[in-house]
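Please look over the sequence and the structure below before reading on. The report that follows goes from the whole protein to single residues.

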Amino acid sequence: MSKVEPREAFPDEPEPSERDAARHGRTAGDGAPPAGAPPAPEVAPEAVAAVVTGDSRGTVTATGTLSKAPPGGPADIPPGGPGGGPGGRRWSPVRRREALVGLAFVGPMLALFLVFRFGPTLGAAFLSLTDYRLSGEWDFIGAANYTRLLQDDLFWESLGVTAVYTALYVPMTVLLALGTAALLHRTLWLRGFFRGLFFLPYVTSIVLAAVIWKWIYEVEDGLLNTALGALGLGPVDFLGADSLVLPSIAAASAWKGFGYSMLILLAGLQSIPREVAEAATIDGASAWQRFRWVTLPLLRPVLFFVLVIEAIQAFQVFDAMYVMTAGGPVRASYSLVYFLYDSGFKFFDFGYASATGLVLFLIVLVFSLIQRRLIGREED
């Protein structure tokens with residue numbers, strides 16, 4: 001705000017209407033300045049620079065000079081200084097007290113998260129650089145475990161099994177969850193009942209689900225082979241054939257785990273404005289066109305989250321393979337986590353198992369970043 005210096009009153013000062021016109025440099029008649037009006041003050045270049053650069057530490061006087069504000073004003077408060085908040089604003093004692101109370105509530109949980117999440121990760125990273133024995137003795141060997149891992153054929157075989165399982169499990173689970181969520185989104189009758197019914201397998205124990213599906217896949221008296229026998233088809237060894245064991249385990253795992261993704265996708269479908277689909281219908285779009293060009297683009301962030309979660313779940317598969325096939329036949333279902341389990345708890349090679357775990361972590365991280373690049377939500 002400009003600071004105007006006082007001036008003496010003129011005897012022949014014009015009326016307010018004429019004074020307002022003179023202030024803008026013209027009269028109401030012909031646009032020329034009035035005869036008795038004082039000349040317009042010149043603005044100093046430094047004043048213009050202060051206005052252009054947004055410097056609020058000075059004021060412009062009527063003579064065009066830049067008057068500096070005394071130190072200690074609002075502009076001299078350093079951002080983030082003592083008692084400072086966002087943007088350099090000072091926090092009141094009440095807001096400072098509220099921030100401390102919130103930090104006191106969050107602090108214990110944050111400390112537990114750091115201890116029990118990052119602590120084991122750092123411990124595993126250090127353990128992977130050692131030759132740790134069951135007796136508690138260890139020797140620092142550097143990157144020898146990683147070098148050994150890259151030369152281990154069994155590691156690459158288990159990694160290939162995990163990749164094939166992930167390629168089968170993730171699309172199967174996401175398509176099943178998306179189709180079920182779309183049906184529930186259009187269903188108005190007993191929606192809550194069917195939502196709970198489809199979610200029920202997710203809360204079932206994975207060991208119990210694996211035992212049930214192992215009985216379903218039995219060659220002689222299994223439920224699936226009994227149904228195939230009634231149709232005149234021969235029995236199929238789902239868990240004993242190399243080409244069928246991974247699809248069979250993936251199908252059982254998809255039945256077990258699609259309920260969570262179904263609820264996430266259903267919430268995403270319900271958050272899409274109804275007016276968008278109605279506008280597409282008015283434009284003549286069919287049901288498939290509305291789903292392909294309207295629903296899926298709006299559902300992209302939710303799909304990205306579901307794909308990442310299911311991919312992480314697939315890379316960590318162990319329980320279903322351990323219960324249903326024990327890694328067979330001939331390691332056709334021997335996953336990377338199974339390899340880690342054998343290294344650590346069967347051969348007690350803890351450093352080697354820790355190196356396998358960190359490699360698995362990096363693989364999942366890279367896979368998630370690739371998914372983020374391909375189908376993730378674009379930043380605004």
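## Terms and overall make-up

Of the 380 residues in the protein, 29% are buried. Among the contacts with a separation of 6 or more, 59% are between residues 24 or more positions apart. The protein exposes about 24,500 Å², and carbon and sulfur atoms supply 66% of that area.

## Confidence

The average pLDDT of the protein is 79, and 75% of the residues score at least 70. Two stretches deserve a separate mention. Over residues 1–14, pLDDT stays under 50, and the model has 14 contacts beyond four places in sequence for them. Over residues 45–83, pLDDT also stays under 50, and here the model has 53 contacts beyond four places in sequence.

Where pLDDT is low, predicted coordinates should not be read in detail.

## A buried alanine

A254 belongs to helix α9, which covers residues 245–270. Is A254 buried or exposed? The residue counts as buried because its relative accessible area is 1%, and the cut-off for buried is under 20%.

Leaving aside residues up to four places away in sequence, A254 touches Y169, M172, T173 and L176. E310 is 56 residues from A254 along the chain, and the C-alpha atoms of the two are separated by 9.6 Å.

## A partly exposed phenylalanine

F194 sits in helix α6, residues 191–199. With a relative accessible area of 27%, F194 is partly exposed. Which residues does F194 touch, not counting those up to four places away in sequence? They are L184 and W189. The C-alpha atoms of F194 and T180 are separated by 9.7 Å, and these two residues are 14 apart along the chain.

## A nonpolar surface patch

Eight names make up this list: V101, F105, V106, L110, F113, L114, F118 and L122 form a nonpolar patch on the surface. Together they have about 820 Å² of accessible area.

One of these residues, L114, is found in helix α3, which runs over residues 93–127. L114 has 43% relative accessibility and so counts as partly exposed.

## Backbone geometry in two loops

Most residues other than glycine have a negative phi, and most peptide bonds are trans. The loop between α13 (319–324) and α14 (336–346) holds P329. The peptide bond from G328 to P329 is cis, with omega near -5 degrees. V330 is placed in the loop between α13 and α14 as well. Phi of V330 is near 50 degrees, a positive value in a residue other than glycine. V330 is exposed, with a relative accessible area of 76%.

F348 lies in the loop between α14 and α15 (350–375). What is the phi of F348? It is near 55 degrees, which is positive, and F348 is a residue other than glycine. F348 counts as partly exposed because its relative accessibility is 40%.

Methods: Residues numbered from 1 in each chain as written. Predicted model: local features only at pLDDT ≥ 70, side-chain atom pairs only at ≥ 80, totals over all residues. Heavy atoms only, no water. Helix = DSSP H or I, 4+ residues; strand = E, 2+ residues; numbered from the N terminus. Buried < 20%, exposed > 50% of the residue type's maximum accessible area, 1.4 Å probe, protein only. Contact = heavy atoms within 4.5 Å. Areas by Shrake-Rupley, 256 points an atom, 1.4 Å probe, with all protein chains shown as cover. Patch = residues over 30% accessible without salt bridge, like charges linked within 9 Å, V, L, I, M, F, W, Y side chains within 5 Å. Salt bridge = Lys/Arg side-chain N within 4 Å of Asp/Glu carboxyl O. pLDDT = per-residue confidence, 0-100.
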